[in-house]
Amino acid sequence: MSIDACIAHAIHSDLDIIEALPEVHEIPMEELETYVERFVVTIQETLYAVIAKRGEPFIRCKDAAGLCATCLDAGISLPPHMLLKMCQTILQLSQLDAKFILDTEDGKSLYYVKMNVGA
């Protein structure tokens, strides 16, 4: 799976907006969607830039903690435990050869996954 797709999946599954942005309670309702969308896009772009520039050694040796520390050092402002979970998801997914097929009516994503199974 591409790094961009891994990051998008990690954000979808592991990012807790309320915990990452406690100020959302104070934002007017009509501005909330734009505010959160801008935050998510920024996180995705920043994660991609950091991983593309400095993350390859951590991905190669499957070091989620090292990748997380690198992202924190680069200024990604997420709670460390949340960012670590996202890095773990990114590493897990980066080892898969998967292709997105579709989103089902009940909101689940369907992927085609190719993997080797050792005997």
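In this predicted model, the axes of helix α1 (residues 3-14) and helix α5 (residues 80-94) come within 8 Å of each other and cross at roughly 135°, where axes are lines fitted to C-alpha atoms, for helices over the stretch in contact, and angles run from 0 to 180 degrees between N-to-C directions. The two helices are therefore oblique to each other, since angles under 35 degrees count as roughly parallel, over 145 as roughly antiparallel, 65 to 115 as roughly perpendicular and the rest as oblique. Contact, meaning heavy atoms within 4.5 Å, is made by I3, C6, I7, H9, A10, I11, S13 and D14 of α1 with M82, K85, M86, T89, I90, L93 and S94 of α5. These residues comprise nine nonpolar, four polar and two charged, with Ala, Val, Leu, Ile, Met, Phe, Trp, Tyr, Cys and Pro counted as nonpolar, Asp, Glu, Lys and Arg as charged, and the others, Gly among them, as polar.

Helix α1 also packs against helix α3 (residues 29-60), at an angle of about 125° and with the axes 10 Å apart, which makes α1 oblique to α3. On the α1 side, I3, D4, I7, A8 and I11 meet V40, I43, Q44, L47, Y48, I51 and I59 of α3, and the residues of this contact divide into ten nonpolar, one polar and one charged.

Helices (H or I, at least four residues) are DSSP runs, numbered from the N terminus. Residues are numbered from 1 along each chain as its sequence is written.

Notes: Predicted model: local features only at pLDDT ≥ 70, side-chain atom pairs only at ≥ 80, totals over all residues. Heavy atoms only, no water.
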